Amino acid sequence: MRRLKYTLNLKYLVKIKAEIVPVLFTEHQFHLIELKLNNKHFTSSEKNEFSRTISRKMKAIYALMGRQEKEVYIYSQQKIIPERLQLAKQYLHDFSRKFKNKHIIISGSFLHNKEFKDIDIFVISKYEKDDYNEGKFHINYLAEEAYHSLFFSSLQKLCISNRKIEEIEIKEKINLDTFLSLYQELGNDLDRKFVGVEKTLREFIMQGAYLTKRNLPDSAELRREVKGILKTKKPLELIKNKIIETILLVPRKEKALPSIKELLSSYQEIIKEYPQHENYYKEMMEPLREVVALAS
Amino acid sequence: MQVEEFKTEVEKILEAEIKFDGHVNAVVSCLTEDKQKNVLDWIKECKLGIIRPEPCKNYREFMSFIYKSNDNKIRGILTKEKKCLFCRIISRQSQIL
C-alpha cells in the first residue's frame, strides 16, 4: 500500500482516468486510489478492498512492467561520466532496497567530476534526521518540504533518482532581503576564512540566479562557479560585482532601494560604535552605494 | 554544563539580562562541553568587540553577531541594541547541506 502512494501521481492518474476505468479499476476502486493519494482515512471495509484488489493489481502491473525497485531516472545524462553512471545506478538500486519506499537521489561531484570527496545520497524522508557517513557514502536526509527549495531545484537538474521528479514550484522565501543577508554572511565567511564558505557562496549564487530569473545552475555549474570565485585572489570583489548586477536586474528593484539606503545608514552607525572594523564595513558598503547611485 | 548554568554564564559574560529565544534549550543541551565552550568563547569575543556585528536590515536599532559552528550545523544570533546592551540569543540546529 505504501509503494502505491509513492509511485503514483494523482494529477497524472486523473488525466488518464478514461484509459484505466473500467479496464483496470472500477470507478469505486479509482475513488479509493484517490483517497489514498490524498491521505484520506479509510473505513475498515475500504481498507480490506484496497489490499485485496487494488494493491494486488498494482503489484501485478509492476511485475508485468518489470519496474519494481528498478526505476532509474537520469537527469542531465550528458554531463555524467559514463563509468560513474553505471556505478551510480548500482548504488541507487542498493540504497532503494536499504531505504524501502523512499525517494532516493544521487547527486554531487561523484557524477560529473573526476575528483570527489564522497558520494552524496539523498533520502527524502518525512522527518529531518542527522546526516551521516557510511564508508564513501554521505547519507543526507531531506524532509519532504525540501522538494520546494532552491537547493532541490538545483540538485534535481543533474542527478539520478529512483522516482520521476516532477516540475517543482519553489516555495522557499527568497527576496532581496534574504539575498542581502547572504551577502553579509558571505562577507563574514570570507573575512574569517570560514570552512563552510562554499555552502554560503552556493546559496548566494542560486538566490542571485533565481531573483534575476536566470536558469538555476546544476551541481556541476555551481561547483565550477564556486571554485572559480574562491580561487581568485580577491573573491569578495567578484561577489561585490554580483551584488550590483543582481540587484540592478531584479524586477521592481526600486522598491528595494529604501531598505538598501537604510542598510547603508545602519552601517554608518555601526562604524561609529565599532571603529576597529571600519575598513571591512566600508568595503561591504561599496557595492550597495553603487547600486543606489546606478538605480536612482 | 546544564542549560541553565550555560545561560547564567552567558549573562555573566555579557553583563546583561538576555532573552533566550528559539531552540536555545534544545541546542545547548545537545552540545558537548567543548562545543559549549566554543560558543561561550565566541560570546566573550562579541563582548570585547573582536567579532564584528552586522546591521539588521529591518530593525535599524539592532545589530547582530552571527555564530556558525565549523560543521555549519549550529547557528546562533546574538543581538544587541546599538550603543546599548546585548539583549537576545536565537539559536537553531541546521540540517541544510
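Analyst: Let's start with a term. A residue is buried if 20 or more other C-beta atoms lie within 10 Å of its own. And keep in mind that this is a predicted model.

User: OK, what share of the residues in chain A is buried?
Analyst: Buried residues are 27% of the 296 residues in chain A.

User: How many helices and strands does chain A have?
Analyst: Chain A has 14 helices and six strands.

User: Is chain A compact or spread out?
Analyst: Its radius of gyration is 24 Å, well over the 19 Å that the globule rule gives for 296 residues, so chain A is more spread out than a compact globule. The C-alpha atoms fill a box of roughly 75 × 40 × 30 Å along the principal axes.

User: New topic. How do α10(A) and α11(A) pack?
Analyst: Helix α10(A) covers residues 197–211, and helix α11(A) covers residues 219–231. Their angle is about 120°, and their axes are 10 Å apart. The crossing is right-handed.

User: Which residues make that contact?
Analyst: From α10(A), they are Glu198(A), Leu201(A), Arg202(A) and Ile205(A). From α11(A), they are Leu222(A), Glu225(A), Val226(A), Ile229(A) and Leu230(A). By class, six are nonpolar, three are charged and none is polar.

User: And where chains A and B touch, how many residues does each give?
Analyst: Chain B gives 16 residues and chain A gives 23.

User: Which element gives the largest share of chain B's side?
Analyst: That is β3(B), with three residues. Chain B's side has seven charged, five nonpolar and four polar residues.

Note on methods:
Residues numbered from 1 in each chain as written. Chains lettered and ligands numbered in written order. Predicted model: local features only at pLDDT ≥ 70, side-chain atom pairs only at ≥ 80, totals over all residues. Contact = placed C-beta atoms within 7 Å. Helix = DSSP H or I, 4+ residues; strand = E, 2+ residues; numbered from the N terminus. Nonpolar A, V, L, I, M, F, W, Y, C, P; charged D, E, K, R; others polar. Axes fitted to C-alpha atoms, helices over the stretch in contact; angles between N-to-C directions. Left-handed = near helix turned anticlockwise from the far one by under 90°. Rg over C-alpha atoms; globule rule 2.2 N^0.38 Å. Buried ≥ 20, exposed ≤ 12 C-beta atoms within 10 Å, placed from the backbone.
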